[in-house]
Amino acid sequence: MAHDEQRALTELAVRLDQRFPGLGRERIDRDVAEHHARFVDVTIHDFVPVLIERQLVETYRGANGR
């Protein structure tokens, strides 16, 4: 994984932790890693963090009723 992509995923986890503090950073890191694994074979990785963020925000909102 490219350094820029790793940095973007770390920043994503920080944003999600701030937005959904009750979930815990361990869960968020695990969820980000699991979602990222789905994109390993894609050719262009520029938008992968954005796609992961959208998916997880939708998941977390559904779980919290927001």
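User: Why is Asp 31 called buried?

Analyst: This is a predicted model, and in it Asp 31 has a relative accessibility of 10%. The cut-off for buried is under 20%, so Asp 31 counts as buried. Asp 31 is found in helix H2, residues 25-37.

User: OK, and which residues is Asp 31 in contact with, leaving aside its neighbours within four places in sequence?

Analyst: Those would be Leu 56 and Tyr 60. A contact here takes heavy atoms within 4.5 Å.

User: What about Tyr 60, buried or exposed?

Analyst: Buried: Tyr 60 has a relative accessible area of 0%, and the cut-off is under 20%. Tyr 60 also turns up in the largest nonpolar core, which has 14 residues. Leu 16, Ile 28, Val 32, Ile 52 and Tyr 60 are the ones with the most contacts inside that core. H1, H2 and helix H3 (48-64) each supply at least two of the core's residues, with H3 giving the largest share, 5 residues.

User: Which residues does Leu 16 touch, if you leave aside its neighbours within four places in sequence?

Analyst: Leu 16 is in contact with Ile 28, Val 32, Leu 56, Val 57 and Tyr 60.

User: What makes Phe 20 and Tyr 60 an aromatic pair, and what makes it edge-to-face?

Analyst: The count comes to 1 aromatic pair, and here it is: the rings of Phe 20 and Tyr 60 sit 5.3 Å centre to centre, with 70 degrees between the planes. Centres have to lie within 6.5 Å for a pair, and planes over 60 degrees apart make it edge-to-face, so Phe 20 and Tyr 60 pass on both points. The pair links distant parts of the chain, with Phe 20 in the loop between H1 and H2 and Tyr 60 in helix H3, 40 residues apart.

User: Why say that the buried residues of H1 line one face?

Analyst: The buried residues of H1 are Glu 5, Leu 9, Leu 12, Ala 13 and Leu 16. Down the axis of H1 they fall within an arc of 100 degrees, so they line one face of the helix. On the other side of H1, His 3, Asp 4 and Gln 18 are exposed.

Conventions
Residues numbered from 1 in each chain as written. Predicted model: local features only at pLDDT ≥ 70, side-chain atom pairs only at ≥ 80, totals over all residues. Heavy atoms only, no water. Buried < 20%, exposed > 50% of the residue type's maximum accessible area, 1.4 Å probe, protein only. Helix = DSSP H or I, 4+ residues; strand = E, 2+ residues; numbered from the N terminus. Arc of directions from axis to C-beta. Core = buried A, V, L, I, M, F, W, Y, C linked by side-chain atoms within 4.5 Å. Phe/Tyr/Trp six-rings, centres within 6.5 Å; stacked < 30°, edge-to-face > 60°.
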